[in-house]
Amino acid sequence: MKLHRRKPDIENLYKVLLCESPGRPTLFEYFMNDALHATLAGRPAPMGADDLTWLKFTVDAFEAAGFDYATTYGCGMAFKTGTHARRDSMSLNEGFLVTDEASFEAYDWPDPETQDYSRLEKIRDYLPEGMKLLVRGPGGVLMNTIYLVGYENLCVMLYDNPELARAIFNRMGAIIARYYEIVVQYDTMGLLMINDDWAFRTQTLLSPAQMREFIFPWVKRYADIGRQAGIPVLLHSCGYFVDILDDVITMGVNGKHSYEDAILPVEEAYEQYYGRIAVLGGIDLDFILRSTPEQLTARCRDILERTASRGGYALGTGNSVPEYIPQDKYITLLRAGLEF
């Protein structure tokens, strides 16, 4: 597999995030998958390898695809939950461990101070010139709380025991904040990702008022951490966002990722929000699956033409690149951007 190779230059993506026009079409993807990484990097995934070897593999794949950055976690920190029955999807009402004040106090909260962030240091000499890391969080405040409490339980708790819900959100939020405060100290990092799914297709998981009360103060805190470190802040959040995107913009997030045609096609989102927040990706996954290569290329070229002179847009999928997306389809999207 050969693509039009080009040198990474993170400044192109920085211009996009300032709602400016970059020097060339710019690609954006939250994450891909190991099989696609192997195709792009030209070698098998290093199963069983250490964190640094995996990160080198990811860097090679992102560089080969034409990205100006590579996505990684800062460390392996995670919030423990119980067992989830997982097949093609996962229940939001299983595996919960916190149901009351006693289980809240007994829960084994992770400590970001004791984690191993060395991959962010050790990768420095391996990163191609012009390339930086996009460091994502260990999940976000809302989704981690849902995994910990259960979605239905959380909805009831917000009415029956809102102070406990607040305490859980705040403990979660503070731990994630410290994680971000640590990772922004590494000069290999160039982008801070807030990754937290907030909605179904038709509405947010919590009411907008509840989001503003419990979740958004932490989002603003994370955006402030990035801004104070001179690092742009991105949001990846799936689902319906129309009622809350003004809040996201006000909090200082530079770019929004995850769009779905059934909610708001990316072309319409760009016209609505151009100049206020960068629009990242957006080529709908269902469209990619159902389209011909010619239709996919045409849509990619159309949005690149629409945004070329105005800026504030980077080409990519609406969500991520799961393994069910045929690799040749995704490579068609990459070529549309690289050869525009």
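A crossing of two helices is left-handed if the near helix is turned anticlockwise from the far one by less than a right angle, and right-handed if clockwise. In this predicted model, local features need pLDDT of at least 70 and side-chain atom pairs count only at pLDDT 80 or more, while totals for chains, interfaces and linings use all residues. Residues are numbered from 1 along each chain as its sequence is written, and side-chain values use heavy atoms, with hydrogens and water left out.

Helix α2 (residues 34-41) passes helix α14 in a right-handed crossing. The axes of α2 and α14 (residues 327-338) lie 11 Å apart, at an angle of about 60°. The two helices are therefore oblique to each other, a class left over once angles under 35 degrees (roughly parallel), over 145 (roughly antiparallel) and 65 to 115 (roughly perpendicular) are set aside. On the α2 side, the contact (heavy atoms within 4.5 Å) is made by Ala 35, Leu 36, Thr 39 and Leu 40, and on the α14 side by Gln 327, Tyr 330 and Leu 334. Five of the contact residues are nonpolar, two are polar and none is charged.

The structure also holds one cavity of 30 Å³ or more, a cavity being a set of points on a 1 Å grid where a 1.4 Å probe fits but cannot get out. The largest cavity contains about 40 Å³ of space. Its lining (residues with an atom within 4 Å of a point) consists of Gly 140, Val 141, Ile 194, Asp 196, Trp 198, Ile 215, Trp 218, Val 219 and Tyr 222. Helix α9 (residues 208-228) gives the largest share of this lining, four residues.

Conventions: Axes are lines fitted to C-alpha atoms, for helices over the stretch in contact, and angles run from 0 to 180 degrees between N-to-C directions. Ala, Val, Leu, Ile, Met, Phe, Trp, Tyr, Cys and Pro count as nonpolar, Asp, Glu, Lys and Arg as charged, and the others, Gly among them, as polar. On a 1 Å grid over the protein atoms alone, a cavity is a set of points where a 1.4 Å probe fits but cannot get out, and a pocket is an open set with protein on both sides within 12 Å along at least five of seven lines; lining residues have an atom within 4 Å of a point. Grid points are joined across faces, edges and corners, and a volume is the space filled by probe spheres set on the points.
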